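Subject: Structure handover, pockets

Hello,

Here is the structure for you to look over. My notes on its pockets follow below.

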Amino acid sequence: MPHQNQNHGQRLVGLLLFFAAAFSCAAQPHAGAFWNVKPASEWTAEEVRQILSNSPWATFSKATLGPDLKIHIASAEPMIAAEALERQARRYRVDTGPSFEEYQAMIKDGHSIALAVLMPDPDAMYDAVESRSLERDSVLHAGKRTYKLVTNFPPSPGDPYLRYIFPRDVRPGDKSLMFEIYIPGVIYPERHIEFDLKDMNYRGKPAY
C-alpha cells in the first residue's frame, strides 16, 4: 500500500508539472520563437523578413480595393534590431539624415510608441492635404484612452517607412493597442490596425 501511494503521488506530481508547463506555454505562445532564443546578430535574412511582416509586432493592413500595406511597431526592441539588419541587407544609404537621427533619439527616451508603414508612394507625403489628414485623423487607442498623433517622420532614401509617433502610456488591464491611421496616397487611406499586448513579449519582457 505505501508503494502504491508513492506511485500515485509521483503520477500526481507529473500531472501537475505537465499542466504547469502547458499553462506556461499558453501564457507565452511565442516563447520558443527565434527572436526569444537567438541573439539578433544570428537572425537569418528570412527570419528578419518574418519578424518584420508576420510577428506579434507586425502585420499587413488589407483593404478591398487598396493595397496590402506592411505595418509594424517600430519602437519595440526586436523590431529596432530587425530594421537595422534590414538596412544592412538592402544596402540602404548609411547616412539616413538628421530626421532619422531625431526619430531614433525620440524612441530611445522610452516615452513614445512608433508605428511604421512601408510606403508604396513616398511622394504622397508632400501633398499638403494628405499630410494634414494624416496629422488630424491618426490616433492610438489603449484601453478606453485615446491619444492623438505627436508627430510623424516621412520616408526618405535612407528609410522607406512612414513613422507615426504616439505617447507611450500602456497600463495594467490594457489588452491591445489599436491604431487608427491615415496613410497618404493609397485607396482607402484610413486603416485600423490592432496588436494584442499579451503577445508582445521579448525575452520575458513587454516590448512595444
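By class, the largest pocket is lined by 6 nonpolar, 2 polar and 4 charged residues. Nonpolar here covers Ala, Val, Leu, Ile, Met, Phe, Trp, Tyr, Cys and Pro; charged covers Asp, Glu, Lys and Arg; the others, Gly among them, are polar.

This is a predicted model, where local features need pLDDT of at least 70, side-chain atom pairs count only at pLDDT 80 or more, and totals for chains, interfaces and linings use all residues. Residues are numbered from 1 along each chain as its sequence is written, and side-chain values use heavy atoms, with hydrogens and water left out.

A pocket is an open set of points on a 1 Å grid over the protein atoms alone, where a 1.4 Å probe fits, with protein on both sides within 12 Å along at least five of seven lines; lining residues have an atom within 4 Å of a point.

**Largest pocket**
Its volume is about 180 Å³ (the space filled by probe spheres set on the points, which are joined across faces, edges and corners). The elements that give two or more residues to its lining are α3 (45–53) and α4 (77–90). Helices are DSSP runs of H or I, at least four residues, numbered from the N terminus. α4 gives the most, with 5 residues. The lining includes Trp43, Arg49 and Glu86.

**Second largest pocket**
The volume here is about 160 Å³. α4 and α5 (97–108) each give two or more residues to this lining. The largest share, 5 residues, comes from α5. Among the lining residues are Ala74, Phe100 and Tyr103. By class, 5 are nonpolar, 1 is polar and 3 are charged.

Best wishes
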